[in-house]
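Q: Please take a close look at one chain of this model. Then set the other chain beside it, and pick out a few residues worth checking by eye.

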Amino acid sequence: MKYYKPATFEEAVALAAGADGVTRILAGGTDVLVQLRSDIVTPDTLIDIKAIPGTHDITRTGAGGWRLGVAVTGAEMSEHAELVRDWPGVVEAMDLIGSTQVQGRATPVGNLCNASPAADSVPAMIAAGAVATVTGPDGSREVAVEEIPVSPGKTSLAKGEMITALTLPPRGENGGDAYLRFIPRTEMDIAVVGCGVNLRVKGDVITEAHMVLGAVAPTAVVVHAAADALVGRTLDDDALQALADLAEASCNPIDDKRGTIKFRTHTAGVLARRAAQIAYTRAKGDQA
Amino acid sequence: MALDSSKTTGFKYVGTRPDRPDGLDKVTGRAKFGADAYAPGMLHAAIKRSPHAHARIVKIDTSKAEAMEGVKAVVTRADFATGIEGEFGNILENVMAGEKALYDGHAVAAVAATSALIARDAVKAIEVEYEILPHVTDVDAAMQAGAPVIREGAADSSVPEGLHPNIVRYYESGHGDVEAGFAEADLVIEDHFLTEATHQGYIEPHACLGTLGTDGKGELWCCTQGHWYVQKVCAALLDVETSQLRVTASEIGGGFGGKTTVFIEPVALALSRKANRPVKLVMTRAEVFKASGPTSSTSMDVRIGMKKDGTITAAQGTFRLQGGAFPGAPCEMTAMCAFAPYDLKHVHQVGYDVMTNRPKQAAYRAPGSPMAAFAVESVIDELCNKLGLDPIDTRLKNASREGTRASFGPKWPRIGLVETLEAAKAHPHYSAPLKPGQGRGISCGFWFNHGGETAVSLALSEDGSAQVAVGTPDIGGSRASMALMAAEVLGIPYEDIRVTIADTATLGYNEISHGSRVTYASGLATIKAAEDAVQKLCARAAAKWGIPEDAVYWEDGYAKPSGPNAGEFEPLHIGDITATMGATGGPICGHFEATPEGAGVSFATHIVDAEVDPETGKTSVVRYTVVQDAGKAVHPTYVEGQFQGGAAQGIGWALNEEYIYGEDGRLQNAGFLDYRIPVASDLPMIDTVIVEVPNPGHPFGVRGVGETSICPPLAAIANAVSAAAGVRMRQLPMRPSRILEALESAVDG
Ligand SMILES: Cc1cc2nc3c(=O)[nH]c(=O)nc-3n(C[C@H](O)[C@H](O)[C@H](O)COP(=O)(O)OP(=O)(O)OC[C@H]3O[C@@H](n4cnc5c(N)ncnc54)[C@H](O)[C@@H]3O)c2cc1C
């Protein structure tokens with residue numbers, strides 16, 4: 001196994017493009033090292049991107065959104081008051097990952113590229129409309145976060161490509177997001193179901209709605225119909241029921257040791273309702 | 001002089017709460033655990049394990065592994081002793097498979113190499129050809145006609161004819177006429193209960209460092225609850241003389257019964273003998289789950305009859321315990337503990353020990369008792385609910401007391417069940433209001449406790465301080481308790497006593513730290529050893545004063561003349577005597593060797609409040625109170641720790657912990673991610689009440705406390721969850737999906 005710690009992305013891309021066998025980018029390593037230790041993935045090449053300047057920065061974009069460097073950790077996000085104010089759902093999704101120790105290492109980019117169906121930050125980032133900057137031997141392109149994972153453990157990134165930044169859009173007025181997951185315990189567990197909701201309101205009326213489910217299909221499920229169900233309405237009981245029904249109908253889960261199809265489907269509806277209520281309260285500017 | 005220090009009140013040291021002597025070492029990382037030992041030239045070992053639940057081993061080809069650079073030895077079953085039968089034969093078969101692999105994770109070969117990485121790679125290079133056989137992992141399925149036979153001829157003579165060969169032991173006891181008793185009842189409830197296997201979940205994986213020479217002399221460092229037992233087993237499995245193998249117990253990162261047997265030590269020694277180098281072997285967590293000893297899973301039927309006034313008229317239980325691929329599931333214990341808390345005219349209990357293709361079960365705190373309590377106390381709860389009776393009053397009405405005939409035969413001596421029930425009833429928790437969605441559960445629990453072979457030696461130093469050597473690994477703060485008991489007898493400060501867990505070359509045989517025996521048995525031995533030293537101290541004083549030995553008594557660290565007739569002498573401090581001991585007769589030591597048989601049983605009553613989210617089925621335990629009889633709490637903080645630990649492990653067992661086997665018979669959750677042990681935030685603060693009904697069999701009244709605390713939780717939590725959810729939960733773990741299913745079928749039904 002070869003370990004590199006490049007100083008620039010050009011160098012990192014060149015290493016990745018030229019490497020044989022299995023290559024892994026080392027961000028926090030909380031997936032890479034665990035998989036290595038348990039004989040699941042033994043990389044031939046490890047490229048540690050944490051020494052590249054700017055990868056630890058959280059910066060305001062010109063448009064008023066947020067640019068997250070690829071080594072930014074969950075803990076750094078939670079401690080960033082302005083980011084938390086704009087995107088509480090994204091930050092709380094990231095904050096659910098692991099323990100205090102894991103929080104000091106784990107990154108949203110790693111969470112995304114590990115491509116687990118149960119990744120917590122992914123539904124929240126997709127609901128928020130996050131975009132990844134993908135850089136490869138042929139230059140850079142902007143890719144919607146939902147297009148990165150393609151199946152469990154697989155991404156759409158080509159050989160030599162890597163993510164060099166994540167961008168969250170400007171929050172804008174009267175918006176609020178939320179993420180909830182179901183686990184049998186209180187922490188240190190993998191989502192049995194996850195649900196991210198991002199809403200915008202005018203008064204009590206919803207003007208924009210996004211809902212994304214995690215752990216109920218091979219990749220995160222964007223429930224496009226959520227907008228039809230909610231936009232133009234208040235979040236009354238009927239709207240919540242419609243949302244819950246949509247969530248259940250969108251599930252395509254598996255039966256496994258973490259949950260049955262039936263349980264996952266049912267719980268997706270419950271979480272949809274609860275997450276929407278939190279996002280709604282936040283969008284209206286109330287405490288949630 | 002007064003030699004017998006028996007007392008139950010008026011203590012100076014016993015009952016206080018000083019810091020534990022091993023505390024600083026543990027919080028600073030200085031303590032040496034199993035994997036912390038190194039030796040010059042040491043090799044690292046790894047074990048090749050079967051991926052199949054049940055398979056005949058056709059061929060093992062180790063040639064590629066042996067040819068690898070850095071590989072120094074490979075062993076298979078051929079490298080162990082032959083012709084061993086009985087308990088040790090089973091251990092050998094478990095430590096290294098013979099003709100068949102009997103469960104997913106069963107060891108089939110092992111490698112020692114110059115690095116852990118090479119050893120791991122070499123294991124992958126070992127080629128094993130298997131002929132896969134049908135398997136069974138479920139206890140009920142394993143008893144059915146036509147179930148795959150794990151091993152022919154494993155049953156003992158207790159098993160009635162005509163039963164499946166997987167049923168290897170049968171137990172039955174009781175008295176009266178249960179049918180007559182049921183006829184007297186106003187209500188009879190019979191239910192079926194299931195519990196899944198759980199793991200003790202100790203934080204420290206099994207680890208050892210072994211050296212064995214071709215001369216048959218060996219040294220072994222390992223993490224165990226009983227190193228004399230390890231010594232005996234390893235000597236037999238490697239065919240060396242017991243005394244030639246010195247075993248030292250490391251600090252132990254939890255055992256809870258799971259380290260009362262042997263899994264890897266003989267393998268390290270066999271590799272060492274072959275490579276002629278020290279060999280270190282450390283299990284991974286996945287190996288711990290797959291190939292150490294979880295609890296039995298159970299299938300149980302319990303039937304209880306009750307009168308409208310709460311009197312239990314009869315009780316009957318059938319308890320089937322799945323014990324893995326070897327005999328030994330504690331079916332007698334389950335059956336004996338089931339109805340122990342109650343005074344029953346008509347009672348009958350049956351136990352089955354059943355083999356399956358799973359790892360050999362091991363003890364886990366009060367082996368067998370928690371499951372029995374789950375079934376029995378759930379039925380009592382249902383009866384109380386249906387008859388509108390208070391659960392504590394009903395238990396008090398039927399409670400076993402001194403003189404009651406126990407459900408399994410003998411008459412109870414002085415026991416403290418009633419006292420725990422009364423203390424629970426008086427506790428503010430029992431009368432606190434519940435919020436909507438919450439439910440409260442009560443349960444009693446019982447464990448026997450144990451004495452066992454014990455040897456302790458105490459040596460006084462010139463400066464008047466004392467060193468105590470005990471042979472029972474400290475699994476719960478016992479060094480502190482030993483020091484307190486020695487301080488009490490010697491009359492010197494707690495800090496002046498150092499307690500060491502001695503190796504097998506230093507003391508006579510000490511039984512394992514199990515059966516909640518340490519504070520009782522090593523404690524008793526420590527007291528007796530200290531008394532022995534005190535007698536010798538008094539003799540030195542008597543000699544100095546020129547008066548008879550029996551005219552000297554010992555008080556608060558001083559030898560004193562026993563009265564005016566004995567003469568007027570200045571009391572002699574212990575330090576004054578030890579300072580000159582070399583010249584007055586030589587070293588002063590005390591010792592004690594015996595098999596104390598006066599262990600006192602312990603009962604407990606637990607109160608639990610649980611809250612259930614009816615939309616997701618998720619349970620939170622919101623309040624928990626443990627009330628238990630400790631006899632005498634030598635170090636109350638560590639007694640409380642045992643109470644809380646039992647409750648915490650019980651919460652995991654009741655709610656989310658389980659061994660999950662796939663159709664292929666392989667364990668699917670061999671790690672802490674999917675084996676859901678509670679994390680700190682899953683637990684409420686756990687309140688404790690120490691009841692002290694002295695055990696007449698111990699000089700200070702001590703009863704064991706480590707195991708009883710895990711007997712009531714499964715039932716108490718199930719009763720609380722059933723009350724909160726409004727449906728009766730009869731299967732563990734009560735994971736969210738199971739609660740939702742129960743809620744749903746309650747609506748449908
Ligand atoms: C104890 C524990 C608890 C956990 N709990 C959770 C949980 O609750 N929820 C959850 O979702 N996850 C959980 N995880 C998984 C893990 O922590 C997260 O997925 C984390 O976000 C991964 O981030 P990382 O920076 O550590 O990624 P790494 O391990 O460094 O990398 C993960 C993957 O991303 C790829 N990668 C990293 N950076 C880039 C890049 N810039 N471009 C392209 N590919 C890249 C790597 O090649 C690798 O395949 C847990 C892990 C542990 C050890």
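A: Among contacts in chain A (contact means heavy atoms within 4.5 Å) between residues at least 6 apart in sequence, 58% join residues at least 24 apart. This is a predicted model, where local features need pLDDT of at least 70 and side-chain atom pairs count only at pLDDT 80 or more, while totals for chains, interfaces and linings use all residues. Residues are numbered from 1 along each chain as its sequence is written, chains are lettered from A and ligands numbered from 1 in the order in which they are written, and side-chain values use heavy atoms, with hydrogens and water left out.

Stay with chain A. It has 11 helices and 14 strands. Both are DSSP runs numbered from the N terminus: helices are H or I with at least four residues, strands are E with at least two. The radius of gyration of chain A, taken over C-alpha atoms, is 19 Å. The globule rule (2.2 Å times the number of residues to the power 0.38) also gives 19 Å for 288 residues, so chain A is as compact as a globular protein of that length. Its C-alpha atoms fill a box of roughly 55 × 45 × 35 Å along the principal axes.

Of the 288 residues in chain A, 50% count as buried. Buried means under 20% relative accessible area, exposed over 50%, and partly exposed in between, with a 1.4 Å probe and protein chains only. The accessible surface of chain A is about 12100 Å², and carbon and sulfur atoms hold 52% of it.

Now find A215(A). It sits in the loop between strand 13 (205-214) and strand 14 (221-222) of chain A. Its phi is about 65 degrees, positive although A215(A) is not a glycine. Most residues other than glycine have a negative phi, and most peptide bonds are trans. A215(A) is buried, at 10% relative accessibility.

Turn to chain B. It holds 20 helices and 26 strands. Its radius of gyration is 27 Å, which agrees with the value near 27 Å for a compact globule of 749 residues. The box around its C-alpha atoms is roughly 90 × 75 × 50 Å along the principal axes. Buried residues make up 63% of the 749. Of the contacts in chain B with a separation of 6 or more, 80% are between residues 24 or more positions apart.

N276(B) also has a positive phi, near 60 degrees, and is not a glycine. Its loop runs between helix 8 (265-275) and strand 12 (279-282) of chain B. N276(B) is exposed, at 56% relative accessibility. The peptide bond from L732(B) to P733(B) is cis, with omega near -5 degrees. P733(B) lies in the loop between helix 19 (713-725) and helix 20 (736-748).

T619(B) belongs to strand 25 (residues 619-629) of chain B. It is buried, with a relative accessible area of 11%. Beyond neighbours within four places in sequence, its contacts include L655(B), V721(B) and I739(B).

Last, the cysteines. Over all chains there are zero disulfides (a disulfide is a pair of cysteine sulfur atoms within 2.5 Å). The sulfur of C208(B) is 6.5 Å from its closest cysteine sulfur, in C222(B), which is too far for a bond. C331(B) is in no disulfide either, and the nearest cysteine sulfur, that of C337(B), is 12 Å away. C208(B) is buried at 1% relative accessibility, and C331(B) is buried at 0%.

Notes. Areas by Shrake-Rupley, 256 points an atom, 1.4 Å probe, with all protein chains shown as cover.
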